[in-house]
Amino acid sequence: MMNLMHWRLLVAVADYGSITAAAERVGMTQSAASQAMASMEATLGAQLFIREPRKTLPTALGVNVIEQARVMLDALQAIRSRVEEARPTLRGHLRIACFPQVLAKFLSPELQRFARLYPGIEVTTLEVTDTEVNALLDADLIDLGVVLNPLPERNATLLGRDRWLAVVPAGHALARLAPQATVALAQIVEQPFVLATGGCSANARSVSAEAGLVLHDVRVEVREWSSAFSLVREGVGVTLVPEMTLPLQRQGLRVLPLSVPIHREFALVYPPNRSPSAAANALLAMLVDT
């Protein structure tokens, strides 16, 4: 039975006029090459070469077979070249701004996959607030930025989404609701409130305002989500937070879904005053094709 190595050997013998030289060219021993040549001729049922003391020459039929073997090997090389051309060969640098929790949960796994597909592209991530992301985009200092709840005209590529959830102290009346209970946003905003922003413009105050509601009794305003949870445990008030910010240890807290779910979305956008770079397009295309 003939394989690709046999055909390469056949052409090499024709090129070098020697089974020994051809064997060395294709990485075979002289004896293995001789056996392979004999096997090919036996399989085809015809003599392809005349062995002379100092030279191995193709027969008339051998010349025709070798010509077709070259066509086959050239076609194979063309296929390989086409595949190589189709492989990602982009090189460059990609700067992406994102807020930390979204980077950890949504973006980092995608960037790991991107690195495997495009090893020639160096990616730098900047951990900033959503306000800073927009400022960097407007100043054209980054290639891509993760924004919250992007406007339709931003040509955004969705990364992920999470829910807003109410968190109340374990001793609160709402904490005694049934395990599968939900709570209305209007009911939450009427409570003494711990407002956590996470350094983002989208927070409980903006979520309430979009629903036509107002936080009536903000007792404390903090930046860090962890500070808000500590204050809720102490009974200072209730809070409204994104699901991904919830602590692993929830002693002293009761988490309640909203009766009408509200989500926030995270998406990658490019600077408004220019088209995305080739590296940015590669990442965006990968995300769309996922």
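In the predicted model, helix α9 spans residues 225-233. Five of its positions are buried: Trp-225, Ala-228, Phe-229, Leu-231 and Val-232. Around the axis they cover an arc of only 165°, so they sit on the same side of α9. The pattern follows from helix geometry. An α-helix has 3.6 residues a turn, so residues three or four places apart point the same way. The buried residues of α9 pack against several elements. Among the helices, the partner is α5 (100-117). The strands are β6 (157-169), β7, β8, β9 (239-242) and β10 (253-257). After α9 comes Gly-235, with a positive phi near 85°.

Two of these partners, β7 and β8, pair with each other. Strand β7 covers residues 193-196, and β8 covers residues 218-222. The two strands run parallel and are joined by four bridges. Within this pairing, Ala-196 has Val-222 of β8 as its bridge partner. Strand β7 is covered on both faces. Phe-193 and Leu-195 are buried on one side, and Val-194 and Ala-196 are buried on the other.

The relative accessible area of Glu-110 is 18%. The cut-off for burial is under 20%, so Glu-110 counts as buried. Its side chain makes a polar contact with the side chain of Arg-113, at 2.8 Å.

Helix α3 was examined in the same way. The helix runs through residues 30-44, 15 residues in total. From the first C-alpha to the last it reaches 21 Å, close to the 21 Å expected at 1.5 Å a residue. Ala-33, Ala-36, Met-37, Met-40 and Glu-41 are buried in α3. Viewed down the axis, the buried residues fall within an arc of 130°, and therefore line one face of the helix. Gln-35 and Ala-42 lie on the other side of α3, where they are exposed. The cover over the buried residues of α3 includes two helices, α1 (4-16) and α2 (19-26). Strand β1 (49-51) also contributes to this cover. Just after α3, Gly-45 adopts a positive phi of about 70°.

Key
Residues numbered from 1 in each chain as written. Predicted model: local features only at pLDDT ≥ 70, side-chain atom pairs only at ≥ 80, totals over all residues. Heavy atoms only, no water. Expected span 1.5 Å × (residues − 1). Buried < 20%, exposed > 50% of the residue type's maximum accessible area, 1.4 Å probe, protein only. Arc of directions from axis to C-beta. Contact = heavy atoms within 4.5 Å. Pairing = 2+ DSSP bridges. Polar contact = N/O pair within 3.5 Å; in protein donor to acceptor, adjacent residues only side chain to side chain.
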